[in-house]
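Let's take a friendly walk through a few local features of this chain. Have a look at the sequence and the fold first, and then read on.

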Amino acid sequence: MVKEIFISIYLFAFRILFNFFKLFPLKQKTVGVSTFGDNIYYTTEALSNLSDEEIIILKDGSCRYPFDDTNATIIPFSLKNPFAFIKSVYHLATATTILVDTYYGFLAVTHFKQGVTCIQLWHAGGAIKQFGLMDPTNKYRTAKANERFANVYRSFDYTVVGSEMMAETFKESFGLSDNRILRTGIPRSDVLYDRSMKDRIYHNMLVKHPNIKNKQIILYAPTFRNNQLSNYQLKLEIDKLYRELSDDYVLFIKPHPAVTYEISEVYKDFVYDVSEFYDTNHLLLITDLLITDYSSIPFEYALLEKPMIFFAYDMDEFSFTSGLIDDYEHKMPGPVIASTEAIILAIKENKFNYKQIKDFAKQWNEYSNGTSSLNLAKYLTDTEEKERAIV
């Protein structure tokens, strides 16, 4: 109840401020509202190569993406910085293009002017968990909250996808019609086609952690559990993994960005905390084997055609509380298992179906072919239409 009151006050104030700034004229500029950062970074970089229009990136308080080498103006989008927050609302009210990369409640009360396009660059290339209108927790929310969610989804003029599979998911989860789907591919997936980036990332990692040389890299990247955001419980038995695999492997651990956690120093030459990596796809480039659970990471990792394991030790509970796709354990492109012993066995016996991984990648990445950022930037600037007009 208290949370809903706070949200209502916040949205009321936001609407007043936004409607005031709507009195100002629109400007040809793109504003990206960023929590995850990667898709907005790659999109705006491609956009800056095609257009000299102004680009503003509003960094949500939880956004870790640095945007160090971008041509955009970076503004903190947080009530902790009132002046910057007011400036952010001004840019939202006067931009011709709005890019967002997750759910933002303020969209429920921002009725953009005619001529403004709002595009959702969702932070996942595929869906294992149910979300949006399909989220099973909606039934526990108030009618007012659910109506707010629906208003946010209605504010998207377009949503970007990498596949028809994800297009169908968004139609259900956001209530979108087919003509509101942009089939340009997922911008951040472009880096997975960049061999030079892979070599650079590995070299930098080797300088920082020389003991990983000549070792295979296992990345453990689980999703978050709502009841463990501040008290994350690592279910992998590190001691067993160390005894069985440390001669040939090292283990990188990167929990979900929303999670706080601590990793023991006992196995410091085997276990490495890589939470500082703001771009997960950079890590995927140097990963030899992925261990995850219900995260969306496998959809893009599959492009590298490398093995993965799904450590679903709480599948029944997670399915009940958060919702999973139907037949999850048979749709994942790797063994779905519930114990550390089974993980070790799968690795030692190479229990991976590489054709299944390749088919999975093709199914979920049909439009993500290494030029997704450029494809979207061309759409935003009408570049292809202009080129055809010249011809």
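## How α7 and α12 pack

In this predicted model, helix α7 (residues 238-245) packs against helix α12 (residues 340-348) at an angle of about 25°. Angles under 35 degrees count as roughly parallel, so α7 and α12 are roughly parallel to each other. Their axes lie 9 Å apart, and α7 passes α12 in a right-handed crossing.

Which residues make the contact between α7 and α12? From α7 come Lys240, Leu241, Glu244 and Leu245, and they meet Thr340, Glu341, Ile343, Ile344, Ile347 and Lys348 of α12.

Now turn to helix α5 (residues 164-174), where you will find Phe174. Is Phe174 buried or exposed? Its relative accessible area is 4%, and under 20% counts as buried, so Phe174 is buried.

Leaving aside neighbours within four places in sequence, Phe174 is in contact with Gln120, Trp122, Phe131, Leu133, Tyr153, Phe156 and Thr159. As for Ile297, 123 residues from Phe174 along the chain, the C-alpha atoms of the two are separated by 21 Å.

## The buried face of α14

Helix α14 covers residues 372-381, and its buried residues are Ser372, Ser373, Leu376, Ala377, Leu380 and Thr381. Viewed down the axis of α14, these residues fall within an arc of 160°, so they line one face of the helix. An α-helix has 3.6 residues a turn, so residues three or four places apart point the same way.

Conventions:
Residues are numbered from 1 along each chain as its sequence is written. This is a predicted model: local features need pLDDT of at least 70, side-chain atom pairs count only at pLDDT 80 or more; totals for chains, interfaces and linings use all residues. Side-chain values use heavy atoms; hydrogens and water are left out. Axes are lines fitted to C-alpha atoms, for helices over the stretch in contact, and angles run from 0 to 180 degrees between N-to-C directions. Helices (H or I, at least four residues) and strands (E, at least two) are DSSP runs, numbered from the N terminus. Angles under 35 degrees count as roughly parallel, over 145 as roughly antiparallel, 65 to 115 as roughly perpendicular and the rest as oblique. A crossing is left-handed if the near helix is turned anticlockwise from the far one by less than a right angle, and right-handed if clockwise. Contact means heavy atoms within 4.5 Å. Buried means under 20% relative accessible area, exposed over 50%, partly exposed in between (1.4 Å probe, protein chains only). The arc is that of the directions from the helix axis to the C-beta atoms.
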